[in-house]
Amino acid sequence: MRLQSLEISNFRIIKSAKIDFPDKVIAIVGKNGSGKSSIIEAISWALYGNQASRSGKDEIKSTFVSETENCQVKVVFLINEEKYTVIRRLVGRTNRAEVELFRGDKSESVGVSETKNHVGNLLGLDWRGYLSSFLASQSELNALSDLVPAKRKDHIAGMLGIEKLDKAMQLLKADTKQYKDRISFLEKSLTEKEIVDKQLIVLHEKLENLITSIRPLKENYDLLKRLSESAHSNYEEYDKKQVEYLKMSAEIKAQQSTLKSLIERKNMLTKESRELKQKTNILEEIVKSQNLLKDVPSKLALLVKQQSNIKYVNDLTSQLKALQQKIEKSQIEHKELTAQLVNLEQKSQKFPKDLEQKVQEQKAQLDEKKSQYTSVTTEIERLQSDIDKLKKEKSQIASLKSGSVCDRCHRPLGDDIKSIQKHMQDEINQLICCLESKTKEQAVLLQAGKDVRATTDKVEKQFQEMILLKPAIDSIHDKIKQSQHLLDGLLAENQNIALKIKEFGEIDFDEQEFMLLKSQNEQFEENRNKIIRYQGLLERLPQLLSELEKITDNAKTTQKIVTEASQKSDALKYSDEEFDRLTILFNKAQAQFEAAKSKLAEMQKELELTELSIKEQLKQQEIFAQAAEEFEKSKAAHFYGEKLSTLFTQYRHDIIASIRPTLADLSSRLFNEMTGNKYNLVELDEKYELRVMDNGQFYGVERFSGGEKDLANLCLRLAISLSLTETAGLSRSFIILDEVFGSQDNERKYLILSALANLKNRFPQIILITHIEDIKDGVEQILEVKANEFGYSEVILHG
């Protein structure tokens with residue numbers, strides 16, 4: 001398998017790249033983290049998906065692109081000079097995976113699962129086998145070097161795909177264990193077969209006894225059934241006569257009840273008609289009294305209206321008094337506000353017009369005094385510092401001897417020490433004089449500043465008072481307007497109420513006459529209600545007399561029906577004693593029949609259960625027969641499983657033993673070439689530890705330098721890749737070496753590069769991933785991966 005080209009779009013840190021792969025030694029160089037490995041991971045991802053890229057799909061698409069942009073990798077490769085293309089992409093916001101494989105220009109497979117299987121069949125490798133065959137990293141070389149023997153052996157076995165055989169052996173052992181467990185279970189189950197056989201014999205005997213017992217029960221059941229049916233017939237015939245008798249008796253009782261009700265209703269109506277005739281005379285008296293009171297309601301209505309007018313005028317008078325009080329209060333408030341306004345305006349006129357300018361002038365004067373005071377204070381601090389410095393220097397000179405040397409000109413001081421001390425004392429005295437003068441000046445400036453501060457505070461206070469007066473005056477103006485508006489409204493309302501009171505004038509109202517008419521009106525209403533009630537009652541009198549006549553006729557008819565029904569009832573000749581006798585006979589016969597029926601059903605049910613038990617036991621015998629057959633098959637399967645497991649173990653041992661010489665031979669040739677014929681023989685011991693021949697004797701790789709140790713492991717790793725690709729039928733394939741120059745000196749690096757160039761008959765394409773740039777002269781083509789200022793990496797072709 002050989003790579004032809006690679007196109008990348010939005011894959012991890014690489015935004016866009018198009019790379020051709022000639023049959024050369026190619027170096028992919030760049031700083032750590034620039035995205036060198038992303039190129040190789042893009043190839044693995046395109047062929048095998050997320051597992052081969054060793055990350056989830058959320059980590060595949062570049063983080064610097066929008067959610068709607070797609071991630072895509074296109075790989076073109078050759079197998080036996082036939083061209084294949086695989087395109088894998090993540091689409092849309094959900095990163096939906098799409099993949100398609102082409103053979104030439106024809107689509108071979110579409111979809112994740114189908115393409116994964118197709119690529120695996122095409123290369124003869126799953127994704128783990130692919131990585132072991134085509135990619136060798138420094139971490140793998142470290143693992144080959146650093147792992148303990150048992151782990152190293154397992155690691156190499158895993159790289160060679162022997163773990164598939166191990167998985168098959170594990171599955172075989174699991175199946176064999178299942179057969180063993182099944183045999184144990186079936187042995188326990190078959191011990192119950194003898195119990196089932198004995199139970200079956202007992203059930204057959206029980207079945208024969210039940211069949212013999214059922215015959216006499218059936219004969220007795222048939223006899224009691226005929227007797228029960230005869231008693232039932234007699235009972236049913238007399239039961240019909242009872243139904244007829246009870247029906248007639250119920251009808252007679254109903255008619256008698258109706259007759260009684262009619263008589264009671266007749267007596268009640270007769271009494272009611274007499275009472276109504278008496279109420280006719282009472283109604284005439286009430287009508288006469290009502291005629292005398294007919295003018296009372298109209299007179300009372302007139303007095304009620306006058307009473308209502310008086311109440312309304314009184315309410316208006318009360319409102320008028322309250323309103324006048326509000327007017328007086330509002331007038332007082334208006335006068336007070338006017339007085340406040342005059343007072344505030346007089347205060348405002350007292351302030352000078354240039355008060356704001358005076359405030360600014362005082363502030364400027366205060367700032368000037370502050371500046372002068374700060375300047376004098378700084379000068380005092382400087383003078384005090386100079387005095388302290390001179391005193392210190394004078395003290396130092398006083399401690400010097402006559403033979404001391406000047407620390408500046410390096411000349412002997414001699415007798416000049418006293419004159420120097422005098423000169424320094426004169427300078428100190430002069431500085432003290434200046435200091436006292438400046439201190440007095442500071443005190444004067446401090447007092448002047450305080451005076452200016454007091455004046456400034458006073459002027460600012462006046463200015464603040466002037467500023468606060470304006471909103472107060474504006475507020476009083478607004479309140480005066482509101483007060484005047486309220487007063488005008490109250491005066492208008494006062495005038496309106498006075499006019500309404502005047503409209504009513506004087507109202508005459510006699511309280512005694514009002515109370516008398518009110519009492520007479522109550523009598524009038526009471527009479528009117530009685531008249532309406534009595535008239536309603538008297539309207540019913542004709543209807544009541546008609547109903548009384550009908551009830552009398554109905555009572556005669558009902559009496560006739562009762563007499564005829566009694567005669568028919570006597571003709572039936574029914575008696576309760578005879579019915580009770582027939583009922584007892586029927587119940588007794590029915591009870592005997594039901595008992596016989598229940599006994600027979602019980603025996604038949606037991607017979608059915610026995611037959612069912614026999615069937616179940618026969619089925620159990622069949623199950624035992626099947627279990628016995630399965631027992632023999634399981635024993636055979638267990639036997640052959642253990643035997644096959646032993647053969648698999650031996651086969652695994654033989655494979656590893658046969659691979660070891662092959663890997664040693666390939667490693668020897670590669671190591672010889674890469675060390676310039678210095679070491680021509682390498683072997684792998686039973687623990688798969690590398691041993692190198694030096695001066696006719698084999699030594700472990702730990703004896704050699706770190707670079708030679710890494711080189712030996714690299715040769716072993718290349719030998720594994722050669723073995724895997726040849727086994728998969730992929731001769732003359734590419735190989736990717738990731739950071740394998742870590743511990744090599746420059747001489748070893750170029751020796752490895754030279755040796756790799758000589759491997760073109762085995763690996764026509766050798767791709768080196770490295771951050772070491774000084775190997776550029778030893779390769780045929782360079783792909784530089786470089787991060788730019790936009791946050792993604794670019795791939796640049798050199799050579």
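**Note on a predicted model**

1. In helix 4, the buried residues are Trp127, Gly129, Tyr130, Leu131, Ser132, Ser133 and Phe134. Helix 4 spans residues 127-134 and is mostly covered, with seven of its eight residues buried. As the model is a predicted one, these assignments should be read as computed from predicted coordinates.

2. How many salt bridges does a search of the whole structure find? The search finds 27. Side chains of opposite charge can pair when their charged atoms come close. The points below take up some of these pairs individually.

3. Arg93 and Glu67 form a salt bridge in which the closest N and O atoms are 2.6 Å apart. This pair links distant parts of the chain, 26 residues apart: Arg93 belongs to the loop between strand 5 (82-91) and strand 6 (96-103), and Glu67 to the loop between helix 2 (50-53) and strand 4 (71-79). Arg93 is exposed, its relative accessible area being 60%. Because exposed requires over 50%, Glu67, at 49% relative accessibility, counts as partly exposed.

4. A salt bridge also joins the side chains of Glu630 and Arg182, at 2.8 Å from N to O. Glu630 lies in helix 14 (residues 576-674) and Arg182 in helix 7 (residues 163-190), so this pair ties together parts that are 448 residues apart in sequence. Are the two partners buried or partly exposed? Glu630 counts as partly exposed, at 29% relative accessibility, and Arg182 is likewise partly exposed, with a relative accessible area of 32%.

5. With a relative accessible area of 35%, Asp315 is partly exposed, whereas Lys311, with 53%, is exposed.

Terms used
Residues numbered from 1 in each chain as written. Predicted model: local features only at pLDDT ≥ 70, side-chain atom pairs only at ≥ 80, totals over all residues. Heavy atoms only, no water. Salt bridge = Lys/Arg side-chain N within 4 Å of Asp/Glu carboxyl O. Helix = DSSP H or I, 4+ residues; strand = E, 2+ residues; numbered from the N terminus. Buried < 20%, exposed > 50% of the residue type's maximum accessible area, 1.4 Å probe, protein only.
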